[in-house]
Amino acid sequence: MAEVNTLVVRKPCFGLPTGCPQCLSAYIYLKFAQFPFFLDFHLNNPHSDQIPYFEVGDTVAYNNEKEGIIECLKKDVGVVDLDSGVSSLPDWISTKAILTAWLADALAYELWLGCEGSSAYTIYYSDLPWPLGKILFWKKAHWVKLKHGITNDNAEVKKEEIYERAKSAYDALSSCLGEQNYLFENRPSSLDAIFLAHGLVVLQALPESSMLRTKFLEHANLVRYVQQCKTELIEAAPSPPSGPQFHTNASSSAPKSHSSSKPKNKPKREKTKEEKTFKRKAKYFVAAQLVAVVVFLTLMTSFDDAELELDDADGGYDYYE
């Protein structure tokens, strides 16, 4: 029996096969490479850095391994290396740095802090229970602030720096692209996949009031580039012979099931008094646990802020992801 190739990503939204930039870049790279695969969605652990991951038989390549999912696809899965012959070009390293640093930082800032988080919440947490989704969202937003050293006192200055770097990045990429269809030697590469994923999320997921979206729209050739990708790789993509599956565990050791059969309905019976009492106590227990988690995260955040202020007082702040 032939092995099934499966790319597992975060859920589709905003008219995209997945709203996650990292997942979308892997999806586009596989499309560029014309590598056959099924698309599955992972719902229960959306904050995991293992997502996206690629399954081939009993082998799983995770996003948090080596240099990311695209490198794993090339080295471990055997997907064609689209960067061969172009990764040695003079502008390759600087372009990669622009994409993976300046633009990645700008999109993270815009998703988690710049647009009140509505787009990020939809992409990552909207399938989780509301309290859990909100807690994970607040934790990630706080992490983004820490990564960029953002405090109440320097928030506006940091914001301007991030947007200025994004504008410079868009200017450079617009000049690099020109009237070509791709960034280097007019053929697709991993950098095209990374940038197109970025551009699709900016244009599709961010609101019209987004500063990053506004700066992107100032470059007509970049907009054309992204729209062309959307038409050729997403809108024209044929539906798989069997519908997408929904994964609940991002572990390679877990058994994989692709069954779509539904259990038969059973006649309902009246709950006993003891069952009703147990269910009520269980709800109180869950509520108490959620309150405890919120209090813990609040104290943790206060402690982190105190550390940040202490570091600023010492004359510098250094944070590594």
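**Entry 1: Asp-105**

I began with Asp-105, which touches Lys-147 and His-148, leaving out residues up to four places away in sequence; contact here means heavy atoms within 4.5 Å. A note on the source: this is a predicted model, where local features need pLDDT of at least 70 and side-chain atom pairs count only at pLDDT 80 or more, while totals for chains, interfaces and linings use all residues. Residues are numbered from 1 along each chain as its sequence is written, and side-chain values use heavy atoms, with hydrogens and water left out.

Asp-105 lies in helix α3; helices are DSSP runs (H or I, at least four residues) numbered from the N terminus. Is Asp-105 buried or exposed? I found a relative accessible area of 17% for Asp-105, so this residue is buried (buried is under 20%, exposed over 50%, partly exposed in between, with a 1.4 Å probe and protein chains only). The side chains of Asp-105 and Lys-147 are joined by a polar contact of 3.2 Å. For that term I used a pair of N or O atoms within 3.5 Å, one able to donate a hydrogen and the other to accept it; residues adjacent in sequence count only if both atoms are side-chain atoms.

**Entry 2: Asp-127**

Next I looked up Asp-127, in the loop between α4 (118-124) and α5. Asp-127 is partly exposed, at 46% relative accessibility. Leaving aside neighbours within four places in sequence, I see Asp-127 in contact with Lys-11 and Leu-43.

**Entry 3: helix α6**

I then checked the length of α6 (residues 155-177): its 23 residues should span 33 Å at 1.5 Å a residue, and the end C-alpha atoms are 33 Å apart, which agrees. The expected span is 1.5 Å times one less than the number of residues. After α6 comes Gly-178, with a positive phi near 55°.

Which helices do the buried residues of α6 pack against? I noted α3 (92-114), α5 (130-148), α7 (190-205), α8 (211-217) and α9 (220-235). Among the buried residues of α6 are Ile-162, Tyr-163, Ala-166, Ala-169, Tyr-170 and Leu-173. An α-helix has 3.6 residues a turn, so residues three or four places apart point the same way.

**Entry 4: α3 against α6**

Last, I compared the axes of α3 and α6, which come within 9 Å and cross at roughly 135°. That makes α3 oblique to α6. Residues of α3 that meet α6 include Trp-102, Leu-103 and Ala-106.

How values were computed: Helix = DSSP H or I, 4+ residues; strand = E, 2+ residues; numbered from the N terminus. Axes fitted to C-alpha atoms, helices over the stretch in contact; angles between N-to-C directions. Parallel < 35°, antiparallel > 145°, perpendicular 65-115°, else oblique.
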